[in-house]
Amino acid sequence: MAEQTKRFYPAFLDLEGRSVVVIGPGRRAERKARQLAGYGASVVLITPEPSISILQSQVEGLLDVESRAYVRGDLEGATLVFCDDTDAETRGAVAAEARGVGCLTNITGDASLTSFLAPSIIHREPLQIAVSTGGVVPQLAKHLRRTLAEQFGEEWAAYSRLLAEVRGVAIERLTSTAAIDDVLEAVIVSDLLERVRLGDAPSATRVFEEFAPAEEGVIS
């Protein structure tokens with residue numbers, strides 16, 4: 001019976017401008033480096049045989065590539081490190097340096113050296129849904145991601161953006177936090193999602209006025 005030895009606290013990190021190091025050969029490490037760059041991180045990919053496409057990403061200024069193996073000192077100033085190297089000695093050295101410099105580590109295939117997990121994510125910006133099994137059964141997390149991706153279709157992106165805009169209007173027009181919460185909760189339990197799914201694209205102001213309280217406290 002599988003037994004989880006660690007409990008990981010889930011969090012969404014602001015990586016804008018932060019140094020992140022990705023170590024390892026192959027497409028998986030390159031894919032992770034590109035993904036992190038998309039979150040605004042300052043990414044360094046250390047890989048012995050970079051592909052032409054990842055080198056092109058470096059030319060475009062998206063990330064930096066070091067065409068070599070990891071050496072001690074590579075984690076200086078880093079916030080996170082992802083190590084996808086299969087060599088046990090390299091994984092141990094990366095984890096040891098990370099502890100010394102206060103860098104969080106994700107070591108593929110070795111939970112004992114890992115201090116954070118990268119969950120399976122469904123992107124419906126600004127909505128993101130993250131799934132993790134604490135590293136115990138990653139295949140289950142991937143299966144759940146696929147299942148949830150079907151449940152939360154692309155309309156959820158437009159819907160969540162609209163809700164964010166409605167919240168902005170509510171903050172401008174209402175004088176109490178309770179009133180803002182009441183409006184957003186009323187909108188969320190309404191049929192707005194189905195309307196968006198069917199192609200309706202109401203303005204945030206229109207949605208707000210549909211659900212705003214007809215009483216004092218609304219700023220016109």
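1. Two strands pair here if DSSP finds at least two bridges between them, and helices (H or I, at least four residues) and strands (E, at least two) are DSSP runs numbered from the N terminus. The model is predicted, so that local features need pLDDT of at least 70 and side-chain atom pairs count only at pLDDT 80 or more, while totals for chains, interfaces and linings use all residues. Residues are numbered from 1 along each chain as its sequence is written, and side-chain values use heavy atoms, with hydrogens and water left out.

2. Strand E1 (residues 19-23) pairs with two strands described here. With strand E4 (residues 80-83) the pairing is parallel and runs over four bridges, and within it isoleucine 23 has cysteine 83 as its bridge partner. With strand E2 (residues 42-46) E1 is also parallel, joined by five bridges, and there valine 22 is partnered by leucine 45. Four of the five residues of E1 are buried, where buried means under 20% relative accessible area, exposed over 50%, and partly exposed in between (1.4 Å probe, protein chains only).

3. E1, helix H1 (residues 27-38) and E2 together form a β-α-β unit that is right-handed; the term applies if, with the strands pointing away from the viewer, the path from the first strand over the helix to the second runs clockwise.

4. A disulfide is counted as a pair of cysteine sulfur atoms within 2.5 Å, and the structure holds zero of them. The closest cysteine sulfur to that of cysteine 83 belongs to cysteine 103 and is 11 Å away, which is too far for a bond. Both residues are covered: cysteine 83 is buried with a relative accessible area of 1%, and cysteine 103 counts as buried at 6%.

5. Rings of Phe, Tyr and Trp (its six-membered ring) pair if their centres lie within 6.5 Å, and planes under 30 degrees apart count as stacked, over 60 as edge-to-face and the rest as tilted. The structure holds three such pairs. In one of them, the rings of phenylalanine 82 and phenylalanine 116 have centres 5.1 Å apart and planes at 90°, so the pair is edge-to-face. Phenylalanine 82 is buried at 8% relative accessibility, and phenylalanine 116 is buried at 13%.

6. A nonpolar core is a set of buried Ala, Val, Leu, Ile, Met, Phe, Trp, Tyr and Cys residues joined through side-chain atoms within 4.5 Å. The largest one has 24 residues, of which Tyr159, Leu162, Leu174, Val187 and Leu192 touch the most other members. Helix H5 (155-173) is among the elements that each supply at least two of its residues, and H5 gives the largest share, seven. Apart from this core lies another, of 15 residues, including Ala29 and Val43. Tyr159 also belongs to an aromatic cluster with Phe152 and Trp156.

7. Serine 132 sits in the loop between E7 and helix H4 (138-151), and it is partly exposed at 46% relative accessibility. Leaving aside neighbours within four places in sequence, serine 132 is in contact (heavy atoms within 4.5 Å) with Leu117, Pro119 and Ala141.
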